[in-house]
Amino acid sequence: MSGTNGHLADHSGHHFTTHFVESGGVDFDGDQTTALTETHLEEMRQIAARYPQPRSALLPMLHLVQSVEGRVSPAGIEACADVLGISAAEVSGVATFYTMYKRKPVGRHHVGVCTTALCAILGGDEVLATLQRHLGVGNDETTEDGAITLEHIECNAACDYAPVMMVNWEFFDQVTPESAVEVVDALREGREVVASRGARISSWREAERVLAGFPDNRADHGPTAGERSLLGLRIAREHGWAAPSPQVAEEVEPEVAGPAASEAEAVGDGQPDSSRRGAAERSTAEADAGTSTDSEHARGTTPGPEAKTSGAQASGEDQETT
Ligand code: FES
């Protein structure tokens, strides 16, 4: 099946029009050249060797392809399939499912503006509209100089700093239309840009290589989890609140009343209600801190296939000392 401008034809010659021409699969009919070398294939084998089931390595391998090709290329798909012993269709199915895998070449920097509910309400929509006007591009388009690919993205688990913007998956917290324009202007001019939580901005391709599991040795750049993300944890510690042990939670049979009741009951050791609420809050605080820890994977401290890069580089040690 092939076609242009939304008109597709199958092998029997039937034509029809697609309304999703920009959302199609990998461009197997387009540019087939590749920058992948034997060195990259060897790196793919290294990634595959990290997993008990080699096919589990597909996600980081696709990030490696993007770090070389600037997108998921047909040649990259074939290479992943060869290394993993699976079909190109299986690789393509994964590559076209996740939004972090790009079918069109990405610019030097990827700028994502969160437009999920909380960020949108607090200004994310206006930030995106301002950047689109300022850069002269629509969603998922790249500026003519190849510097910026702009995309609206979904919640990046940084709602406590809404509205957030990501540059190559580094956090820019509580952005305004003006501050967002300053950031993209600096990126286009090649000036040094530092994310809100400390990391110096590299290129999107460099970030993709980190996501593939090849550290850039900058995991400890800048501060770690933000104060707002750890606030619940600090409050819980000030009050001496603690979550129930897993054994206690397992021993208590949950009632029909649902998860909230079960959680309170699991703490049911004669503590006052305020302590029970505290246990729940602490769990939430730990979950918040855990979000940042996930982000750390992508800095390369541990390979984490679909994690973000390290805007919030919360380490267990930092959570202990905050
Ligand atoms: S809604 Fe934007 S980070 Fe959650």
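**Exercise 1.** Which residue just after α5 takes a positive phi?

Just after α5, Gly-136 does, with a phi of about 70°. Before going on: this is a predicted model, where local features need pLDDT of at least 70, side-chain atom pairs count only at pLDDT 80 or more, and totals for chains, interfaces and linings use all residues. Residues are numbered from 1 along each chain as its sequence is written.

**Exercise 2.** Find the kink in α5, then say what its buried residues pack against.

Step one: helix α5 covers residues 117-135 (helices are DSSP runs of H or I, at least four residues, strands are E runs of at least two, both numbered from the N terminus). Its kink of about 70° is centred on Gly-123 (the bend is the angle between axes fitted to the seven residues ending there and the seven starting there).

Step two: the buried residues include Cys-119, Gly-124 and Val-127 (buried means 20 or more other C-beta atoms within 10 Å of its own, exposed 12 or fewer, partly exposed in between, with C-beta atoms placed from the backbone).

Step three: the buried residues of α5 pack against β4, β6, β7 and α6 (contact means C-beta atoms, placed from the backbone, within 7 Å).

**Exercise 3.** Work out how enclosed helix α7 is.

Start by listing its buried residues: Trp-204, Ala-207, Glu-208, Arg-209, Val-210 and Leu-211. That's 6 of the 8 residues in α7 (204-211), so the helix is largely enclosed by the rest of the structure. Then look just past α7: Gly-213 takes a positive phi of about 100°.

How values were computed
Two residues are in contact if their C-beta atoms, placed from the backbone, lie within 7 Å.
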